[in-house]
Amino acid sequence: MLMPAKHIDNALSPIARKVERAERLTREDGLTLFNSSDLLTIGRLADLANQRKNGDRVCFAANQHLNPTNVCILRNTCVFCSFARMPNEDGAYTRSLDEVFAEADAARDNPTREFHIVGGLHPKLSLDYYLEMFRGLKARHPDVHIKALTAVEVAHLARIEKLSTAEVLRAMQDAGVTSLPGGGAEVFSPATRATIADRKLTGDEWLAVHREAHQIGLPSNCTMLYGHVETMEERIDHLLALRGLQDETGGFLTYIPLAYHPDHNELGEALGRTGTATTGFDDLKNIAVGRLVLDNIPHVKTHWPMVTPFISQVALGFGCDDLEGTVVFERVYHEAGAGTPMWLSYDEIVGLIRAAGKTPVERDSLYRTVRTFEDWVPGQRAAPKEGPEGPTFHIEHRGQARGKGKRQLPVVAGVVEGLE
Ligand code: V47
């Protein structure tokens, strides 16, 4: 016999009716969802919204991350990041093009279909360095898509080259880039922006770069960093800004909530959160509310390096139809304390999706089907534990989370009190 559902949040009933009728949710609805603890009802509704769009298909990309440099002019100001270094700081690196190509060669022994390329805002690396990288990668791996440079990196290159962002985007597209990753969107949130003392991009500028990309036929992803100092109002406003641009252009492929990792960064220290992580409850809620509010974005991706493969697998029943791929050699989150593996094998990903009762589909960067798995036999291609062949390099975590100078961390009042 079924237990009476006594934990159902009545405030969700009108929202449930809207979702069942496929009606658009309002800001108020979004706030109600974020403020509710009735995770199972929210998840059931998000699952319905996802099933309507994507059925039982769950896609993944066999991808490899390349992070050409961690030198970043925002090292001392972007307080949530653990990846960036000053040029002379321990652990700072900038790869030569040959080193990037050598690292990318791991793709030869793997079914890699996408290079995901992001890095720091280096004060000197020119647009030509990146264009040559893209052309070189395309020449060496013609079948691998290039998803490269967040809006913040595009705006930075435009600034140092004295070009418009549209010109930078067109040059990237000509050099072989197929899509833009969704990072850097934290600039939307007033709370997060307040932590970035010398921010380089506003929310409107972030949207403008993505709008320009969409206009020239470069689709992109979008993200929301959560679990640091943001309010529920800021979360919903962030989602509505993404939804608004998607209404205009239709160029976003997928939305990815990014769970904040607090290790080795100034914000995490200030909040006293080193060694902690977002909760599974909030991770699932962010996936589900994202799916419900972003009714015009085709896919919602769970990022297992941030939330663990276990939460990502459960997220497949909470509105999510895309599992972040093989992710060979990811660095940004692992520097910030993500305790997850550096990569998952092809077989592990297919197995996770199958075990959740879903149908795995390998996709390319543009969400076209590459492979289905009707005849797949588990465990046949178990990958070696040490990861794929190929040169890799180890970076020590930062010695010091804090940037230099006497600047006081301007975290929103009340969240970090009594600092300094
Ligand atoms: O912009 C930085 C975030 C982003 C931390 O498009 C952090 O498929 C958590 O662009 N804790 C870059 N997050 C990553 C990115 C991305 C990731 C996954 C998939 C896709 C895609 C794109 O990482 C940054 C910032 O928002 N970030 N530091 C941190 N401590």
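I began with confidence: pLDDT is the predictor's confidence in each residue, from 0 to 100. The protein chain has a mean pLDDT of 87, and 86% of its residues reach 70 or more. I then looked up two stretches with pLDDT below 50. Residues 387–392 are one of them, and beyond near neighbours in sequence this stretch has 16 contacts in the model (two residues are in contact if their C-beta atoms, placed from the backbone, lie within 7 Å). Residues 410–420 are also below 50, with 20 such contacts.

I noted the ground rules. This is a predicted model, where local features need pLDDT of at least 70, side-chain atom pairs count only at pLDDT 80 or more, and totals for chains, interfaces and linings use all residues. Residues are numbered from 1 along each chain as its sequence is written.

Next, the overall fold. I found 14 helices and eleven strands in the protein chain; these are DSSP runs numbered from the N terminus, helices being H or I of at least four residues and strands E of at least two. Of the 420 residues, 50% count as buried, that is, with 20 or more other C-beta atoms, placed from the backbone, within 10 Å of their own; exposed means 12 or fewer, and partly exposed lies in between. Among contacts between residues at least 6 apart in sequence, 79% join residues at least 24 apart.

I turned to α10. This helix, residues 232–249, has 18 residues and reaches 26 Å from first C-alpha to last, close to the 26 Å expected (1.5 Å times one less than its number of residues). Its buried residues include Arg235, Ile236, Leu239 and Leu242. The buried residues of α10 pack against α2, α9, β6, β7 and α12. Just after α10, Gly250 takes a positive phi of about 65 degrees.

I checked strand β1, residues 57–60. Four bridges join β1 to β10 (359–363), and the two run parallel; strands pair if DSSP finds at least two bridges between them. Strand β9 (322–323) is also parallel to β1, with two bridges. Phe60 has Glu362 as its bridge partner in β10 and Leu323 in β9.

I counted a residue as near if its C-beta atom, placed from the backbone, lies within 6 Å. Of the 22 residues around the ligand, Pro181, Gly183, Asn221, His261 and Ala336 come nearest. Strands β6 (220–226) and β7 (252–259) are the elements that give two or more residues to this shell. The largest share, three residues, comes from β6.
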